[in-house]
Amino acid sequence: MNKPYKIPESVLVVIHTADLQVLLIERAANRGYWQSVTGSLDAPDEPLLATATRELFEETGIVADGEHIVLRDWRLSNVYEIYPVWRHRYAPGVTHNTEHVFSVEVPRDIPIALSPREHVDHIWLPHLAAADKCFSFSNAEAILQLPRQT
């Protein structure tokens, strides 16, 4: 059975502490590629908040319960060109993705449980250092905007 094409709409979730330490995770398939939580919608009608909640849990084990851990929708979208190496995951002719930005403030000592098939390591960095370490321009830009969003 063929795997369905990825939907070219995704979320980016910047995980941070109150003092703007940012959690980055390293991709398993692309060592040295550090990023925040990202992920595509599972269905065209999946609500963005549901996607962000699901991806946050799948990639880090963090549960956004809406009370103690609350996702913030920045109501900001970035449209970017999909790297050619990953275009085979999308329907033929799809070259761009729309990414919706979220953030979540967590305690610094929150346990992190990575999905080993997706990520192999994590690191907490001050937000400027985290932005410098990201391979994705839109991810770095979101981290740089973090002080204005909190």
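This is a predicted model: local features need pLDDT of at least 70, side-chain atom pairs count only at pLDDT 80 or more; totals for chains, interfaces and linings use all residues.
Okay, one term before we start: two strands count as paired if DSSP finds at least two bridges between them. Keep that in mind for the sheet.

Strand S5, residues 71–81, and strand S6 pair in the antiparallel sense, with 8 bridges between them. If you want a spot to look at, find Leu 71, which stands opposite Val 104 in S6.

Now go to the other partner of S6. Strand S1, residues 9–16, is joined to S6 by 8 bridges as well, but here the two strands run parallel.

Let me zoom out a bit. We've got 3 helices and 7 strands in the chain. Going along the sequence, the order is β-β-β-β-α-β-β-β-α-α. And if you look at contacts between residues at least 6 apart in sequence, 68% of them join residues at least 24 apart.

What about overall dimensions? The C-alpha trace spans about 45 × 30 × 30 Å along its principal axes. For 150 residues, you'd expect a compact globule to have a radius of gyration near 15 Å, and the chain has 15 Å, so that agrees. Across the chain, 43% of the 150 residues count as buried. The accessible surface is about 8200 Å², and carbon and sulfur atoms account for 54% of that.

Quick word on charges. There are 13 positive and 20 negative ones, and their mean positions sit 6 Å apart.

Have a look at Ser 136, in the loop between helix H2 (127–133) and helix H3 (137–149). Buried or exposed, would you say? Ser 136 has a relative accessible area of 17%, and the cut-off for buried is under 20%, so Ser 136 counts as buried. Ser 136 and Trp 34 are 102 residues apart along the chain, yet their C-alpha atoms are separated by 8.3 Å.

Methods. Residues are numbered from 1 along each chain as its sequence is written. Side-chain values use heavy atoms; hydrogens and water are left out. Helices (H or I, at least four residues) and strands (E, at least two) are DSSP runs, numbered from the N terminus. The radius of gyration is taken over C-alpha atoms; the globule rule is 2.2 Å times the number of residues to the power 0.38. Buried means under 20% relative accessible area, exposed over 50%, partly exposed in between (1.4 Å probe, protein chains only). Contact means heavy atoms within 4.5 Å. Accessible areas come from the Shrake-Rupley method with a 1.4 Å probe; for residues, only the protein chains shown count as cover. Lys and Arg count as positive and Asp and Glu as negative; His and the chain ends are not counted. The place of a charge is taken as NZ of Lys, CZ of Arg, CG of Asp or CD of Glu.
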